[in-house]
Amino acid sequence: MHQHNDRKAGAAPGLITAALLLVGLAGSALAQEQLQALGASDFAAAELVRLPAEKGLMPGVSRDAVDFSYALDSSYAHNGELSLGAAPSAFEAQSREYFVDVDAAALAEGVTIYTTAPGALVRIHPRSDNKASTTVDPAGLTVSLGGVTYGASEGFDRLVSVEQLKATGVPFAEGTAAFRLSPAVGPGAITLSAPAFKSQGVYTVHVFDQASSIALKLGAERGDYLHGDSLRVEASFGGASVALGEVEGFVTSPGGRAWPLALTVDRDRVRGTLALDAAVSPGQGLWEVHLAVRGASGGLDVVRSVRTAFAAHLPTAKLSGEVERLRGAGLALSFGVDVGTPGRYEVRGVLYGTDAAGDLAPMALGHAADWLDASGDLVLRFPVTKGFRAPFEVRDLRLLDQGRMGVLHRQAVALRIGR
């Protein structure tokens with residue numbers, strides 16, 4: 001940096017300094033831009049929450065400013081679209097199984113399980129709060145269907161001992177017994193009994209209808225939500241002909257609290273909604289949606305349980321919507337950040353440019369993070385790759401609360417720069 005001491009005669013030093021400062025500030029920005037309006041798949045905070053500075057923060061959060069970017073290989077593009085996908089897509093869970101809790105005495109007498117295809121897998125184990133955790137002996141079980149009773153040697157295609165389950169390395173619940181129903185038993189409402197079973201407490205029966213063509217599918221609109229958002233989920237049997245019956249659903253927070261879903265059944269679909277209170281478990285893990293559905297298909301009872309996970313975040317900051325294009329090498333964009341709670345925030349995005357064919361293609365990926373005690377800005381500095389020109393677009397723009405693991409803003413197409 002070079003310092004200059006020249007002064008014009010008669011001019012006050014303070015005025016000269018102020019004028020030079022204003023000129024410098026005005027020259028640092030090439031243009032003022034505004035973020036695009038949010039699209040259907042986008043989300044952003046409307047109101048900010050104000051928390052104590054350390055609330056919900058992971059230990060050892062850095063306060064150093066960091067920014068980096070790198071050029072993207074144009075092979076990521078296919079027909080002008082980034083193969084990674086700019087719009088968030090939620091995971092869709094599928095289930096051919098269900099769980100039911102039964103009393104030990106009822107299990108001894110006989111409980112009904114429902115299958116729609118031969119060869120279902122069944123697991124039985126004491127519930128976690130069961131003090132009398134006696135393991136059920138599969139060899140002592142019988143199954144009945146249509147007035148015919150089968151002993152273990154006839155009714156079960158395979159029995160798995162507790163020792164064999166442990167040898168798999170899979171963390172099954174303590175005291176789990178497992179078996180596969182013989183194809184000879186066939187599908188239907190099967191009575192499962194343990195006549196000689198002497199125990200107390202509650203046991204969980206897990207039925208996996210593995211060969212069935214009927215799967216219950218459950219999905220949310222997206223994988224990340226903000227405090228106060230309305231969670232919306234939808235479930236269906238994916239085109240299978242199932243007459244829907246009883247449905248139950250609830251949502252659990254990472255801290256263990258549960259809320260019932262408001263459910264509606266519309267022909268072949270189940271929809272659920274819930275206004276989210278993310279303040280009950282800030283930054284403590286994933287939330288879960290649990291849904292149980294009963295129905296009928298082809299004269300058989302259909303029972304399915306399904307669950308899926310999502311994240312709920314506290315809106316501790318948001319993008320102001322104002323963007324400045326700064327002078328300098330490459331393309332530097334300063335994003336205004338409104339801060340409600342001090343924290344370490346990150347902005348990231350993918351820069352698209354116009355290639356030689358006149359198509360928009362991915363050029364570079366940029367990240368910038370810093371600790372912000374109050375509202376400020378974060379600057380993405382993209383390299384401009386040879387062979388690309390304006391117009392440019394910033395896609396998959398995100399604002400993250402790094403210290404609380406929160407996604408606060410995501411926008412598929414956020415900014416268009418014409419020159």
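The model is predicted, so local features are described where pLDDT is at least 70, side-chain atom pairs count only at pLDDT 80 or more, and totals for chains, interfaces and linings use all residues. Residues are numbered from 1 along each chain as its sequence is written, and side-chain values use heavy atoms, with hydrogens and water left out.

Let's start with the whole protein. It contains 4 helices and 31 strands; these are DSSP runs, with helices being H or I of at least four residues and strands E of at least two, numbered from the N terminus. Of its 419 residues, 43% are buried, where buried means under 20% relative accessible area, exposed over 50%, and partly exposed in between (1.4 Å probe, protein chains only). The accessible surface is about 21,400 Å², and carbon and sulfur atoms hold 51% of it; such areas come from the Shrake-Rupley method with a 1.4 Å probe, and for residues only the protein chains shown count as cover. Among contacts (heavy atoms within 4.5 Å) with a separation of 6 or more, 73% join residues 24 or more positions apart.

Now turn to strand E10, residues 142–145, which pairs in the antiparallel sense with strand E14, residues 188–193, over 3 bridges. Pairing here requires that DSSP finds at least two bridges between the strands. Thr142 has Ser193 of E14 as its bridge partner. E10 also pairs with strand E11, residues 148–150, again antiparallel and over 3 bridges, and in that pairing Leu145 stands opposite Val148. E10 and E11 make a hairpin with 2 residues between them, and Gly146 in the turn has a positive phi of about 60 degrees.

On the surface, Val66, Phe68 and Tyr70 form a nonpolar patch with about 280 Å² of accessible area together. Patches are built from residues with over 30% relative accessible area and no salt bridge, joining like charges within 9 Å and nonpolar side chains (Val, Leu, Ile, Met, Phe, Trp, Tyr) within 5 Å. Val66 sits in strand E3, residues 66–71, and is partly exposed at 41% relative accessible area. In a regular strand, side chains alternate between the two faces of the sheet.

Next come the charged pairs. The protein has 17 salt bridges, each being a side-chain nitrogen of Lys or Arg within 4 Å of a carboxyl oxygen of Asp or Glu. In one of them, Arg222 meets Asp229 with the closest N and O atoms 2.8 Å apart, and both residues are buried. Arg348 and Glu346 form another, at 2.9 Å between the closest N and O atoms; Arg348 is partly exposed at 24%, whereas Glu346 is buried at 5%.

Arg416 and Glu393 also meet in a salt bridge, 2.9 Å from N to O. Arg416 lies in strand E31 (residues 406–417) and Glu393 in strand E30 (residues 389–401), so this pair ties together parts that are 23 residues apart in sequence.

Finally, look at His206 in strand E15, residues 202–208. His206 is buried, at 6% relative accessibility. Its side chain makes a polar contact of 2.6 Å with that of Glu97; a polar contact is a pair of N or O atoms within 3.5 Å, where within protein one must be able to donate a hydrogen and the other to accept it, and residues adjacent in sequence count only if both atoms are side-chain atoms. Leaving aside residues up to four places away in sequence, His206 touches Glu97, Tyr98, Phe99, Leu121, Val122 and Arg123.
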